[in-house]
Amino acid sequence: MQATVKAYDRETRSGSVLLDDGTEVAFGALAFDAGGLRLLRLGQRVNIAVDGEWITAITLSTFPLP
């Protein structure tokens, strides 16, 4: 699933994304770390893996999900 970064906090490695339908979903440091990223920019397109209502991994749209 794809989304757009709405917020990202470098200190906590957490933030939120907007799904294509406009729904905002938060992600935590574990999801960020699972994607192997170093940082995110606002407005950046990303791929997310979800389990129920939780994001389990987030990575750049050009990278495969773990």
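Which residue's side chain meets the side chain of R13 in a salt bridge? I began my notebook with that question, and I kept in mind throughout that this is a predicted model.

**Entry 1: the salt bridge of R13**

I looked up R13 and found that its side chain meets that of D33 in a salt bridge, at 2.8 Å from N to O. This pair links distant parts of the chain, since R13 sits in the loop between strand 1 and strand 2 while D33 belongs to helix 1, 20 residues apart. I then checked how open the two residues are, and I noted that R13 is partly exposed, with a relative accessible area of 31%, and that D33 is partly exposed as well, at 40%.

**Entry 2: the other salt bridges**

K6 counts as partly exposed at 41% relative accessibility, and E24 is partly exposed with a value of 45%.

Another joins the side chains of R45 and D20, again written down as N to O, at 2.9 Å. Here R45 is in strand 4 and D20 is in the loop between strand 2 and strand 3, 25 residues apart. I recorded R45 as partly exposed, because its relative accessible area is 30%, whereas D20 counts as exposed at 60%.

**Entry 3: what else R45 meets**

I stayed with R45 and asked which side chains it reaches by polar contacts. I found a polar contact between the side chains of R45 and Q2, at 3.0 Å, and a polar contact between the side chains of R45 and T4, also listed at 3.0 Å. R45 and T4 lie 41 residues apart in sequence, yet their C-alpha atoms are 4.6 Å apart in space. When I left aside the neighbours within four places in sequence, I found R45 in contact with Q2, A3, T4, D20, L60 and S61.

**Entry 4: how the strands pair**

Strand 1, residues 2–9, runs antiparallel to strand 4, residues 45–51, and three bridges join them. Strand 1 is also joined by six bridges to strand 2, residues 14–19, in the antiparallel sense, and within this pairing the bridge partner of T4 is L18. The two strands form a hairpin with four residues between them, and R13 in the turn has a positive phi of about 55°; this is the R13 whose side chain meets that of D33.

Strand 2 in turn is joined to strand 3, residues 24–27, by four bridges, and these strands run antiparallel. I noted A26 in strand 3 as the bridge partner of S16. This hairpin has four residues between its strands, and G22 takes a positive phi near 95°.

Strand 4 pairs with strand 5, residues 54–60, over six bridges in the antiparallel sense, and D51 stands opposite W54. In this hairpin two residues lie between the strands, and G52 in the turn has a positive phi of about 70°.

**Entry 5: N47 and G52, buried or exposed?**

I compared two residues from this part of the chain. N47 lies in strand 4 and counts as buried, because its relative accessibility of 13% is under 20%. G52, found in the loop between strand 4 and strand 5, is exposed, because its relative accessible area of 67% is over 50%.

N47 is the bridge partner of Q2, and the side chains of N47 and Q2 also make a polar contact, at 3.5 Å.

**Entry 6: the nonpolar core**

Lastly I looked up the largest nonpolar core, which has 16 residues, and I noted that V17, F27, L40, V46, I48 and I58 touch the most other members. Strand 1, strand 2, strand 3, helix 1, strand 4 and strand 5 each supply at least two residues of this core. In soluble globular proteins, nonpolar side chains tend to be buried together.

I took F27 as an example: leaving aside neighbours within four places in sequence, its contacts include A7, Y8, V17, F32, L40, I55 and I58. R13 is also among the contacts of F27.

How values were computed: Residues are numbered from 1 along each chain as its sequence is written. This is a predicted model: local features need pLDDT of at least 70, side-chain atom pairs count only at pLDDT 80 or more; totals for chains, interfaces and linings use all residues. Side-chain values use heavy atoms; hydrogens and water are left out. Two strands pair if DSSP finds at least two bridges between them. Buried means under 20% relative accessible area, exposed over 50%, partly exposed in between (1.4 Å probe, protein chains only). A polar contact is a pair of N or O atoms within 3.5 Å; within protein, one must be able to donate a hydrogen and the other to accept it, and residues adjacent in sequence count only if both atoms are side-chain atoms. Contact means heavy atoms within 4.5 Å. A nonpolar core is a set of buried Ala, Val, Leu, Ile, Met, Phe, Trp, Tyr and Cys residues joined through side-chain atoms within 4.5 Å. A salt bridge is a side-chain nitrogen of Lys or Arg within 4 Å of a carboxyl oxygen of Asp or Glu.
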